[in-house]
Amino acid sequence: MILRRSFLIVCLLVFVAALSGPPACAQELEKLEFVTRSGVHPFSVEVMRTPDQQAKGLMFRRFLPDDRGMLFAFRRNEPIFMWMKNTYIPLDMVFIDRKGAVVSIATDTEPFSERTIPSGGPAWAVVELNAGAAAKMGLAAGDTVRHAEFDGK
């Protein structure tokens, strides 16, 4: 009876772990800062540099810590279109130019939506944060993002 109960507990733990998806730190984190009128706001981000990484992004994740985000480094200065397919977490998407200036912000994006979300102009990269993070920082177009991916660093 004790062995059977232990087996069931282990099965339950494996099931719960599988539901939670990949850990938020599935890859090495890098420092990124938003510089706004209210000050400097540090985040730790996963950087998606390859097409395979970029295609998956935050899909299937069910949690993102408040001080974390994901940087999509497309490294092409052109209009960017994102979507929320298979994404559980409502996000703010920050579109950034090559020098690290915020081009535009899409706030509180709809989970699972396949509607495209445009950058509204040429952008070099996108940072995804939990919905509401941009408003908390007072982030606006023209603010600065500091990270090695941008010329302004």
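Tutor: Let's start with a term: accessible areas here come from the Shrake-Rupley method with a 1.4 Å probe, and for residues only the protein chains shown count as cover. By that method the protein exposes about 8800 Å², and 59% of this area is supplied by carbon and sulfur atoms. This is a predicted model, in which local features need pLDDT of at least 70 and side-chain atom pairs count only at pLDDT 80 or more, while totals for chains, interfaces and linings use all residues. Residues are numbered from 1 along each chain as its sequence is written, and side-chain values use heavy atoms, with hydrogens and water left out.

Student: How do you know what confidence the predictor has in the protein?

Tutor: From pLDDT, the predictor's confidence in each residue, from 0 to 100. The mean for the protein is 87, and 82% of its residues reach 70 or more. Over residues 3-25, however, the pLDDT is below 50. Beyond near neighbours in sequence, that stretch has twelve contacts in the model, a contact being heavy atoms within 4.5 Å.

Student: Why is Ser113 called buried?

Tutor: Buried means under 20% relative accessible area, exposed over 50%, and partly exposed in between (1.4 Å probe, protein chains only). Ser113 has 14% relative accessibility, so it counts as buried. Ser113 sits in the loop between strand 5 (102-106) and strand 6. Leaving aside neighbours within four places in sequence, Ser113 is in contact with Trp83, Met84 and Lys85. In the protein as a whole, 41% of the 153 residues count as buried.

Student: And what makes Pro42 exposed?

Tutor: Pro42 has a relative accessible area of 57%, so it falls in the exposed class. Pro42 lies in strand 2 and touches Leu32 and Glu33, not counting residues up to four places away in sequence. The C-alpha atoms of Pro42 and Arg146 are separated by 9.3 Å, although these residues are 104 residues apart along the chain.

Student: What makes a set of residues a nonpolar core, and which residues have the most contacts inside the largest one?

Tutor: A nonpolar core is a set of buried Ala, Val, Leu, Ile, Met, Phe, Trp, Tyr and Cys residues joined through side-chain atoms within 4.5 Å. The largest one here has 20 residues, and Phe34, Leu71, Val94, Val127 and Leu129 have the most contacts inside it. Strand 1 (29-36), strand 2 (39-48), strand 3 (68-82), strand 4 (91-96), strand 6 (117-130) and helix 3 (133-137) each supply at least two residues of this core. Strand 6 gives the most, with four residues. A second, separate core of 17 residues includes Met48, Met84, Ile89 and Leu91.

Student: Why is Phe60 called partly exposed?

Tutor: Phe60 has a relative accessible area of 40%, so it belongs to the class in between. Phe60 lies in the loop between helix 2 (51-56) and strand 3, and has a positive phi of about 70° although it is not a glycine. Phe60, Tyr88 and Phe112 form a nonpolar patch on the surface, with about 280 Å² of accessible area together. Patches are made of residues with over 30% relative accessible area and no salt bridge: like charges are joined within 9 Å, nonpolar side chains (Val, Leu, Ile, Met, Phe, Trp, Tyr) within 5 Å.

Student: How do you know that Arg49 forms a salt bridge with Glu149?

Tutor: A salt bridge is a side-chain nitrogen of Lys or Arg within 4 Å of a carboxyl oxygen of Asp or Glu. The closest N and O atoms of Arg49 and Glu149 are 2.8 Å apart, and the pair forms a salt bridge. Arg49 lies in the loop between strand 2 and helix 2 and Glu149 in the segment after strand 7 (144-146), so the pair ties together parts that are 100 residues apart in sequence. Glu149 has a relative accessible area of 11%, so it is buried. Arg75 also forms a salt bridge with Glu149, at 2.7 Å between the closest N and O atoms. Glu30, Arg49, Arg75 and Glu149 are linked in a network of salt bridges, and by this rule the count comes to seven salt bridges.
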